[in-house]
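Colleague: I'm new to this one. Could you walk me through how to read it, feature by feature?

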Amino acid sequence: MIRHYAMISSILATAGMGAPALGAGPVESTRPAPRAPVAVLVASTPAEQTAPSEATGDDAGLRVWVKEFRPRALQQGIDPDIFDRALDTVSYDPEVIRRDRNQSEFTKTIWDYLDTATSELRVQNGEKALAQWQRTLEDIEAKYGVEKEIVTAIWGLESAYGSFRGGDSVLSSLTTLAYDARRAEFFEGELLDALRILQAGDTDAEQLRGSWAGAMGHTQFMPSSFHAHAVDWDGDGRRDIWGDNPGDALASTAAYLKHFGWTEGQPWGVEVALPEGFDYLLADREVTKTPAEWAELGVTALDGTAVADHGPGSVLLPAGAQGAAFMIFPNFEVIERYNTADAYVIGVGHLADRIGGAGEIKQEWPREDRALSFDERIELQTLLTKAGFDTQKIDAKIGPLTVNAVRSFQQAEGIAPDGYASPRLLERLRKE
């Protein structure tokens with residue numbers, strides 16, 4: 001869901017628990033958390049999980065908090081009547097707190113995620129959704145320069161093409177999370193923006209429904225992103241991303257991507273072949289070259305020709321040297337504004353390609369591997385730092401700092417420095 005709060009996803013939902021994203025019934029969106037080359041965290045940032053794991057609030061405490069919040073909200077321009085009507089009936093939801101606390105325990109490998117995110121059924125449903133709303137999507141593409149397949153793919157991953165938009169009260173969820181101490185400032189801001197939605201007349205409190213953490217509508221905007229980027233596509237005077245007509249939501253998604261620099265006609269990425277003896281230190285987001293320059297180094301399209309010139313790109317190995325390789329372009333980073341996880345971006349891009357008629361990813365994944373657990377990621381970072389390869393943080397996030405530490409360790413051990421934090425690498429560190 002829009003980078004607004006990319007961490008609150010639930011891959012688990014589409015991993016076999018009903019899968020509306022697969023067109024089989026309502027479950028939550030297929031959303032991993034921030035970038036993790038080994039495993040996609042279904043999650044909020046582990047480092048933030050310092051509050052007690054159990055919900056400690058109650059309705060009485062929530063009512064006290066609402067009373068104390070009221071003057072602050074009014075100072076921010078919220079109408080007193082809007083505030084009172086909206087928050088008079090909100091209730092404390094311990095399930096929201098439980099889910100917020102425990103997200104980071106669930107992991108998926110990128111290939112397991114993509115098996116779900118780009119399944120045949122999801123592709124077929126995407127083709128049907130694009131055909132049904134083709135005129136709308138083509139008009140949106142003409143206005144914003146964002147390809148209809150990309151918008152459709154985001155729609156597919158976020159709400160299973162509108163079949164699951166979320167049924168939780170956004171006001172109760174956000175009030176519960178703002179009252180909770182863990183990320184109070186963030187959610188208080190989101191709650192203010194939710195109240196502004198009501199004040200603008202875009203919808204009413206009853207219709208203001210979404211996921212457990214406040215993401216809303218067909219393409220799961222958080223209130224702050226709605227406030228900044230939602231558009232009234234059908235011209236009815238309301239920016240309605242919740243109703244059965246997805247036009248406003250799809251146009252808002254395109255407007256969001258355009259705002260962050262989408263380049264029309266440029267792919268998110270292209271699957272590539274690496275030459276024997278490839279220098280894996282070049283597989284770094286900071287290393288960019290033109291497709292012609294990559295071809296001189298032996299990095300080509302799968303048919304052996306140079307990748308078409310879409311400008312400078314970098315090589316991405318989301319599962320290390322044993323998995324598929326991609327040449328990614330600036331549009332990859334634009335999709336990251338929606339969700340920072342590599343798996344999500346590849347999922348959107350590949351699903352869009354499939355909806356547009358392309359085939360599956362050709363290269364194999366290291367399916368014998370599994371995802372590292374939360375505790376194992378902590379252990380990995382601790383052991384790397386102890387061995388002299390400082391990860392800077394011990395937070396269970398396999399981000400750029402940890403990837404660099406992994407590369408340095410791999411170099412020192414004489415193995416391919418692909419930055420892939422696998423179970424085998426952890427075992428090797430344990431023996432140091």
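Colleague: Okay. How far apart are Trp65 and Phe69 in helix 2?

Modeller: Helix 2 covers residues 59-75, and these two sit 4 residues apart in it, so about one helical turn separates them. Trp65 is buried, and Phe69 is buried as well.

Colleague: How do I read a pair of aromatic rings?

Modeller: In general, you give the distance of the centres and the angle of the planes. The count of aromatic pairs in this model comes to 17. Take Trp65 and Phe69: the ring centres are 4.7 Å apart and the planes lie at 20°, so this pair is stacked; the cut-off for stacking is under 30 degrees.

Colleague: And what about Phe69 and Phe83, how are their rings arranged?

Modeller: There the centres are 5.8 Å apart with the planes at 50°, so the pair counts as tilted. Phe69 belongs to helix 2 and Phe83 to helix 3 (residues 80-87), so the pair ties together parts that are 14 residues apart in sequence. Phe69 and Phe83 are both buried. Elsewhere, one aromatic cluster is formed by Trp111, Trp268, Phe326, Phe332 and Trp365.

Colleague: Which residue lies over the face of Tyr144?

Modeller: That's Lys143, at 5.5 Å from the ring centre. Likewise, Lys289 lies over the face of Trp294, at 5.9 Å from the ring centre.

Colleague: Now helix packing. What should I look at?

Modeller: Two packed helices are described by the angle between their axes and the distance between the axes. Here, helix 6 (residues 120-132) packs with helix 15 (residues 342-355) at an angle of about 65°, the axes being 9 Å apart. The crossing of helix 6 and helix 15 is right-handed. Residues making the contact include Val123, Gly126 and Leu130 of helix 6, and Leu351 and Ile355 of helix 15.

Colleague: Is helix 9 mostly covered or mostly open?

Modeller: Mostly covered: of its 10 residues, 170-179, 9 are buried. Among them are Val170, Leu174 and Leu177.

Colleague: Last one: how do I read the confidence?

Modeller: Where pLDDT is low, the predicted coordinates should not be read in detail. The chain has a mean pLDDT of 88, with 86% of its residues at 70 or more. Over residues 3-52, though, the pLDDT is below 50; this stretch has 205 contacts in the model beyond near neighbours in sequence.

Note on methods: Residues numbered from 1 in each chain as written. Predicted model: local features only at pLDDT ≥ 70, side-chain atom pairs only at ≥ 80, totals over all residues. Heavy atoms only, no water. Phe/Tyr/Trp six-rings, centres within 6.5 Å; stacked < 30°, edge-to-face > 60°. Buried < 20%, exposed > 50% of the residue type's maximum accessible area, 1.4 Å probe, protein only. Lys NZ or Arg CZ within 6 Å of the ring centre and 35° of its normal. pLDDT = per-residue confidence, 0-100. Contact = heavy atoms within 4.5 Å. Axes fitted to C-alpha atoms, helices over the stretch in contact; angles between N-to-C directions. Left-handed = near helix turned anticlockwise from the far one by under 90°.
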